[in-house]
Amino acid sequence: MKLLLSPNNKSILTILVVAMLGVGLACAGEKATPTAPPTATTAPTATLVPAPPTATLMPTATLVPGDPTPTATLVPTATAVPTVTATLVPTATPRQSAATLTQLPGYKPEWGQPQRGGILKLGMPQNPGGGEFRPSLGSAIFGTMSGPIYNALLRYDPWVGISSLTGDLAKSWEFSGNGLTLTLRLEEGVKFQANPVIPEGLRNADFTCEDVQASIEYIVHPPEPKRTPDTNLQHVTGVSCPDGAKGYTVVMSFNEVLGKTLGVLHIPPMLDKEWITWYVANRFDEMGTATPTSYRLGTGSGPMMPLEFQPDIIAKLRRNPSYFREGLPLLDGMDMFILKDFTTRFTALATGQIHWFGAGSSSLLPGQIAQAERDFPDRIALHSTLHTFGMGARLNLNRAPYNDRRVREAISLAINRDDWLLFNLAGARSKAKLVGFMEPYPDYWWGTPEEVLRTWPGIRQPKDQDIAEANRLLDEVFGKGKRFNTTCQTRNSQNYVDSCLFFTDQVKQKLGIGVTTQPYELAAWTPFTDVCNYDMQGNVLGTSTGDPDATLLRYSWVYPQSASNKCNLEGVTAAEPVLQAELAAMIAAETVELDQAKRTEMVRAIDKKLTLEMMHEIHFGWIVIFFGTTTNVKGYTLVIFPNNNYSAFERTWLAK
C-alpha cells in the first residue's frame with residue numbers, strides 16, 4: 001500500500017485520532033464490565049471464483065508474534081486473468097469428520113490435535129436489527145448468531161477460502177452439456193435439528209430432495225412481506241426430484257448460463273419443507289423481529305442449535321447432537337455477549353473473559369490492534385482479512401442537493417482517501433485499502449489495480465487541483481462562497497461514527513460544508529434506511545460474497561431489490577436516468593459473460609463509471625478487518641469475505 005499524504009494530514013486527522021485513542025487503547029489493568037458475566041476441489045464448470053491460470057501463494061495478513069504460520073491463499077498475480085474451465089466430470093466432496101480434520105487443506109500443525117468440549121465466549125457489538133434472525137448464512141455481523149444453525153448445498157472451505165468451493169449438503173454435482181441443468185447428489189443420513197420449540201412431528205426430519213425444492217422456492221419467492229427475493233438465483237426456473245421427493249438427487253434448471261451459478265449455492269440455507277409450511281401458516285414472519293422467541297424458532301441441519309437470546313445481554317447456541325459430520329462440532333456451544341462498548345469488549349478479551357472479538361466491521365480498532373501486538377502477544381492472536389464491505393458516505397439522491405451531480409462530484413474530489421488510510425493505520429498494519437467502488441485488487445481480481453486508481457480524479461495526489469475544482473463546482477451550484485448544511489446519519493457503533501467524523505472534517509475544512517452527526521441504535525436506524533429518510537449516511541458500502549454481481553445487481557431494476565436498495569435505486573434513476581440506464585446495460589452484459597478476462601474488463605469499466613460519474617456512494621476505503629481470539633482458540637481462521645465463513649465454528653476448539 002502506498003500512502004501519498006498531503007502536508008495538512010495532521011490537522012485533518014486530529015479529531016479522529018483523539019476519538020480513536022479514547023476508544024481503542026484500553027488499559028490492561030482495567031476491569032471488564034460485560035453486560036452479562038461470562039462463565040468459564042475444482043468446480044465442474046464456470047464458477048463464481050474460477051481458478052486463475054497462473055497464481056502466487058500469498059499469506060493472509062495474520063503473521064504477528066506468537067501466531068502460527070500464515071494461511072496461504074491462492075490469488076492471481078498481477079498478470080494473471082482467471083479463465084473458465086469447462087468440464088462435465090462430476091465433482092465430489094468426501095464427508096468430513098472430527099477424525100479427518102488434521103488431514104484437511106489449511107490445517108496448521110501448530111494447532112495440535114483437535115479437542116472436544118467447552119463453550120466459546122464471543123463479544124458482539126450490538127443487538128440484532130429487524131430481520132436478522134430470518135434463516136440466513138450471509139450477515140456479516142449477526143451471521144455468527146444464526147449461521148451455525150444452518151447448512152447450504154455448497155460452501156467455501158473455512159480453512160482455505162473462496163478459492164475452494166466444496167460440498168456442504170451436496171456431495172457431488174455436474175452440469176449438463178449446455179450448462180442449463182445442474183444435477184446434485186445429496187448427503188444421506190442428514191437430519192434437521194430436534195428443536196424443542198417446534199412441533200414434535202417436525203423434529204429430526206430427514207433432509208431430502210423435497211427440502212431443496214422448498215428451500216429454493218422460499219428464497220426465490222419468499223412469503224414474508226419484507227424479505228427480498230434472492231437476486232443471485234433469479235435464473236433458476238425449476239428444481240426437480242428424479243428419484244422422488246424423498247430421494248437424494250436434485251436437478252436444478254436455469255434460463256441462462258451464468259459463471260456465478262455454483263458459487264451462489266453457498267448462500268441459501270437449506271430448510272425442512274414441513275418446517276417452512278408450519279412456520280408460514282403459524283408463525284408468519286415472526287423471525288423478522290429479533291426477540292427471545294423468534295431466535296429459538298431457527299431450525300436447520302447445522303452444527304449448532306439456538307438455545308437462548310436476551311436482548312442487550314446474550315445469545316446462546318448449543319451443539320446439535322445429530323449433526324451429520326461425525327464428532328463435529330467440537331465445541332459444546334457458543335455464548336455471544338452483547339458488549340457495545342469497544343473498550344469493554346477489548347478488556348474482556350485481554351483478561352480472558354471472552355475468547356473472540358470480531359463481528360464484521362465492528363472488529364478491533366487500530367489502537368486495539370497495536371495494543372494487542374504490543375502488550376498481549378501471549379494472550380491475543382490476531383486474524384485479518386478483506387471484509388465484505390467498504391466504508392464511506394452514502395448520498396441520498398432522492399434529496400437536494402445530492403441529486404445534483406456537481407455536488408456529488410465536488411465531495412468526491414475533495415475527500416482525501418489517503419487520509420482515511422492513514423487514520424486506519426495500526427503500526428505497520430492498515431484497516432483499509434484503496435478502492436474506487438469495487439473491492440480492491442489483487443485480493444479480489446475483479447477490482448481495479450491501485451496504479452490505475454491513483455490516476456483518477458478524487459483519488460490521485462496531490463489534492464490541490466481537485467479541491468480547487470470542487471469549490472468551483474459548488475460556487476456554480478450555490479453561488480460564490482455559499483455552501484449548505486447536511487446531516488450524517490449512522491449507527492451508534494464507534495467505527496460507523498468514525499466515518500461521519502471523517503466526512504465532517506474533510507468537507508468542512510476543504511469545502512465549507514457544515515455537517516451534524518446523528519447516531520442511532522441499529523433497530524432505530526433501519527426504518528430510516530429502508531425509506532431513504534436521511535441526507536447522507538456514514539455506512540458500509542458495497543457487498544461481496546465473491547462474485548461482482550453481489551454488488552452490481554443493486555443497480556438494475558431487472559432484479560428484485562431490498563427496501564433500502566429500492567429507494568436508493570429510485571433516487572439514482574430519478575437523478576441520473578441516462579447514466580442509470582447505461583449502467584444497467586453494462587451490468588446485464590457482464591453478468592452473462594463467461595470469458596473471465598472479458599468480464600474482468602467489463603467489471604472494471606463499471607467500477608470507473610460508478611466512481612467517477614454516479615458518485616452516489618463515495619468509498620473512503622475497503623475495510624480490512626482484524627478479529628482477536630485468545631491463544632487457546634484453535635482451528636479458527638478468518639478468510640476473505642468472512643460472511644462466507646461461519647462454518648469455521650464447527651472446526652473450532654478450545655485447547656485445554
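**Figure 1. Confidence along the protein chain of this predicted model.** The average pLDDT of the protein chain is 84. A score of at least 70 is reached by 83% of the residues. Residues 1–89 have a pLDDT below 50. Beyond near neighbours in sequence, this stretch has 226 contacts in the model.

**Figure 2. Disulfides of the whole structure.** How many disulfides does a search of the whole structure find? The search gives 3. Number the bonded cysteines of the protein chain in sequence order, and the pairing reads 1-2, 3-4, 5-6. The next views take the pairs in turn.

**Figure 3. The disulfide of Cys209 and Cys241.** The two sulfur atoms are 2.0 Å apart. The link is left-handed, with -90 degrees about the S-S bond. Cys209 sits in helix α3, which spans residues 209–220. Cys241 belongs to the loop between β9 (236–240) and β10 (249–254). The pair therefore ties together parts that are 32 residues apart in sequence. Are these cysteines buried or exposed? Cys209 has a relative accessible area of 0% and is buried. Cys241 has 17% relative accessibility; the cut-off for buried is under 20%, so Cys241 counts as buried too.

**Figure 4. The disulfide of Cys488 and Cys500.** The S to S distance is 2.0 Å. The torsion about the S-S bond is about -80 degrees, so this disulfide is left-handed. Which elements hold the two cysteines? Cys488 is in strand β19, residues 485–491. Cys500 is in helix α13, residues 494–511. Cys488 is buried, at a relative accessible area of 0%. Cys500 counts as buried, at 0% relative accessibility.

**Figure 5. The disulfide of Cys532 and Cys567.** Here the S to S distance is 2.0 Å. Is the link left-handed or right-handed? With 80 degrees about the S-S bond, the link of Cys532 and Cys567 is right-handed. Cys532 lies in the loop between α14 (522–530) and β21 (536–541). Cys567 lies in helix α16, residues 563–575. The pair links distant parts of the chain, 35 residues apart. Cys532 counts as buried, with 6% relative accessibility. Cys567 counts as buried, with 7%.

Technical notes. Residues are numbered from 1 along each chain as its sequence is written. This is a predicted model: local features need pLDDT of at least 70, side-chain atom pairs count only at pLDDT 80 or more; totals for chains, interfaces and linings use all residues. Side-chain values use heavy atoms; hydrogens and water are left out. pLDDT is the predictor's confidence in each residue, from 0 to 100. Contact means heavy atoms within 4.5 Å. A disulfide is a pair of cysteine sulfur atoms within 2.5 Å. Helices (H or I, at least four residues) and strands (E, at least two) are DSSP runs, numbered from the N terminus. Buried means under 20% relative accessible area, exposed over 50%, partly exposed in between (1.4 Å probe, protein chains only).
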